[in-house]
Structures are given as structure tokens and as C-alpha cells.
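Dear colleague,

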Protein chains: 2
Amino acid sequence: MNFLEEKILRDGTIKPGNILKIDSFLNHQIDIDIMRQMAYELKRRFRDVTVNKVLTIEASGIAIATMLGDLYDVPVVFAKKSETANSTDDKYMSQAYSFTHKKMNSVFVSKPYLHATDHVLIVDDFLADGQAVHALIDLVHQAGGEVAGIGIAVEKGQQKGGQQLREEGFRLESIAIIEEMDWQTQAIRFRDQPRHELGDTRIKHL
Amino acid sequence: MNFLEEKILRDGTIKPGNILKIDSFLNHQIDIDIMRQMAYELKRRFRDVTVNKVLTIEASGIAIATMLGDLYDVPVVFAKKSETANSTDDKYMSQAYSFTHKKMNSVFVSKPYLHATDHVLIVDDFLADGQAVHALIDLVHQAGGEVAGIGIAVEKGQQKGGQQLREEGFRLESIAIIEEMDWQTQAIRFRDQPRHELGDTRIKHL
């Protein structure tokens, strides 16, 4: 089990409706040590990839994106959400349905902040149906840029986002993938991830 | 002139209606180097103050709050905005009028993330009328905590927020304070800040 899976077991709560509440360390209060470890872990997993920009979406992706931007020493861009769809010439705009707020949001980035020469690492705290990530991919492609990879803290493995993105050929790395969870027993099962993805140990554990 | 004032002159744009657009480095795209310098500068200015938590409000305050949390090695909390005012027992809730969106927002923090023992550094990217900062102060006080200080990137010196907070006795540090600006000439004047606040030089410049 990795540090994030352990932290979820220790401090998370499972709520009815397949909701994992981890706002004590990820998306309301931020545990800086966990944030730092997540940034290092994502950078390590994408060590073979060129990244010159980190892209996320407001609000809760900004903390992990900022830590990654600091590590990579590259600019961070956060896409903004808008209830109105008033497209203008100076913005790349896409759409994402928010299951949390049960409405369609416009998602945009001002054109000067995405380029055809960009190798963009897209990051977010949660991946479920993949609506937000697909909107971010769309923005990068509108600018003619390349999606270098997608880094996620917690993926809900039973929802379709992750599988779809992998089938589409994107390099997706999620630090913790939840296979199933049960609010009545407060039990959770994580997807096994290959050990070599979690640590470059030279010496094998017997 | 300090690094942030210089950056504003170089990359900012003044728009009609007394609007300073600095989203190329502060609140849409994030210049990590400027963010890092701002965090160091605020920590330096508050070096005589005990801080065990950093509090901001979503979304654009999260980046600077994360960098400060990293420097101080303390938890970061970001207050959330809600259009509904459905108060519940498990939240501290306050109100702030948003001049940008021309509506009243509820601002809340879940109770477990603010305590009576907290020494809170409140940070935000902009200070104008002080609505958001006053709501954050209110949340800290509801929890019985102490506001250790208020750290701001850019204060609009002609709007009432800064003066009010200082008169109320809060320790407020703004890295850049705009005294006046003119969109027609693209000219800006910053408030002189005492040199000793900007650098601990031992040797005097002649």
C-alpha cells in the first residue's frame, strides 16, 4: 500500500452514494506533507516525459498543481469554470458536466496561456467520469499542444473515466485507484498497481 | 520597487473600471517563481508571529496559500463559496459580497478544520473592499481562534478594505499597494512602503 492509500484508510470516510470524503487532507484542508509526496510521486511516474506546463481546473486541483509546478519549475495554469457559455475570441472553451453540482459548466483558458509548443501535464485531485479531464484535454488540443500525461490523486476505478482515458491512449497515472468501497462497513479495496510503478527499489523485498 | 511591483509593471494591464489584469502570473496562469518569492516575502514580514495554519478562500488564493503552507510546514485550509446559505451545525459560515460576480456568497469552513488554538495567517491574492478577508476573519473568530496576520499580494490602496483592517488593529501586509492607476496612460503608482519592511539590509545604501 502506498502513502496515499494508507492516508485514505486512516483519515477518509465513506459516505452513502459511493462518496469518499477526504477533505481533511485533500480538498478543503490540505495536508502539505501528503501534497508534497503526491507531487514527488507524480513527477517520478512521469520521469520519462517532457513537461513544460501544468494544467488543472479550479478549485481543488490548484494545490497539487502548484506543488508540481514548483517541482518542475514550470508555469501552472488553472482553467476557470463559468456558468455562462459566452465564447469569446480570446479563450479556448470546452464543456464539462459536474455530477457534484448537477449542471453543465463551461471550462476555459485564456489563449495566451496555452500554446502549440506546450507539453502539458494535466492534474486533478479526483477522477470519476472524466468530464473535467476530457474538457482540459480538449483545451490543450484546441491550442495545438500535446498532453504529456494525466496525473490524478484518487481515481474511482468503477467509474468510466479512467478506463476511457487509457483506451484513448492517454498516459494516466493515479496514485490511488479505488476498486470498491462500502459505507456500511467502511471498507475499501484499492486496485493493485505494479510495484515498479511505486518505487524504484534496486534490492528486492524477499 | 520590489519584485512584485516590477512584475506588475512588466506584465500587468490596466483595464477601464480600475481593473488590474495580472492573470498572466497570479490568478489564471501562475508564475511559480513569483509565487515562491511572495511566499518567502510574506513569511519574512510575519517572522515575529506564530502561525500554525494558513487560511484562504477558493479559488485564486489557493496557490499562494499552498506555497506558504509548504514554507511554514503547516496545514492549509481553503474556505469554500456557496450560493446557498443553508447553514449546518458542522460548518462555520459567513457572508461576503463579490463585486466581481455582483452577488452575495456564503463562505464556509468545516468545523474540524478551525480551532480555538489556531494562530491563523489569512492570505489572498487581491484586497479591495475587504469583503472576503472580513468573512475569513469572522470564521476564525467563530472557532475561537486568533488571526495572526493577513498577507496579501496586491492591495488596491484606494478601496476601503486595507484602511479598515488596519484601523481594526489587524496586522496586514500587502506586497504591492496600488495608490492610483490610469488605463488610458497605462500608468500606475505604488504606495511607498518602509524600506525595512522590504529587506533586512545591514549595510545602508548611500
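I begin with a loop: B:Ala59 lies between strand 4 (53-57) and helix 3 of chain B, where helices (H or I, at least four residues) and strands (E, at least two) are DSSP runs, numbered from the N terminus. The peptide bond that leads from B:Glu58 into B:Ala59 is cis, with omega near -5°. In chain A, a cis peptide bond likewise joins A:Glu58 and A:Ala59, with omega about 0°, and A:Ala59 lies in the loop between strand 4 (53-57) and helix 3 (62-72) of chain A.

Please bear in mind that this is a predicted model, in which local features need pLDDT of at least 70 and side-chain atom pairs count only at pLDDT 80 or more, while totals for chains, interfaces and linings use all residues. Residues are numbered from 1 along each chain as its sequence is written, chains are lettered from A and ligands numbered from 1 in the order in which they are written, and side-chain values use heavy atoms, with hydrogens and water left out.

On the interface: the contact (heavy atoms within 4.5 Å) takes 31 residues from chain B and 31 residues from chain A. The area buried between the two chains is about 2,700 Å², of which carbon and sulfur atoms give 56%; buried area here is the accessible area (1.4 Å probe) that two parts lose on being put together, summed over both. Between chain B and chain A there are 4 salt bridges, each defined as a side-chain nitrogen of Lys or Arg within 4 Å of a carboxyl oxygen of Asp or Glu. B:Asp73 forms a salt bridge with A:Arg36, and their closest N and O atoms are 3.2 Å apart.

On the side of chain B that touches chain A, two or more residues come from each of strand 3 (29-30), helix 2 (32-45), helix 3 (62-72), strand 5 (76-82) and strand 7 (103-110) of chain B. Helix 3 of chain B gives the largest share of that side, 6 residues. By class, the side of chain B that touches chain A has 15 nonpolar, 8 polar and 8 charged residues, where Ala, Val, Leu, Ile, Met, Phe, Trp, Tyr, Cys and Pro count as nonpolar, Asp, Glu, Lys and Arg as charged, and the others, Gly among them, as polar.

Strands also pair between the chains, pairing being called if DSSP finds at least two bridges between two strands. Strand 5 (residues 76-82) of chain A and strand 3 of chain B run antiparallel and are joined by 2 bridges, with A:Val76 standing opposite B:Ile30. Within chain B, 8 bridges join strand 6 (residues 91-98) to strand 7, which run antiparallel, and B:Met93 has B:Phe108 as its bridge partner in strand 7. The hairpin of these two strands has 4 residues between the strands, and B:Lys102 takes a positive phi near 55° there.

Finally, in chain A, A:Gln186 has a phi near 55°, a positive value in a residue other than glycine, and lies in the loop between strand 10 (172-182) and strand 11 (187-190).

With best wishes
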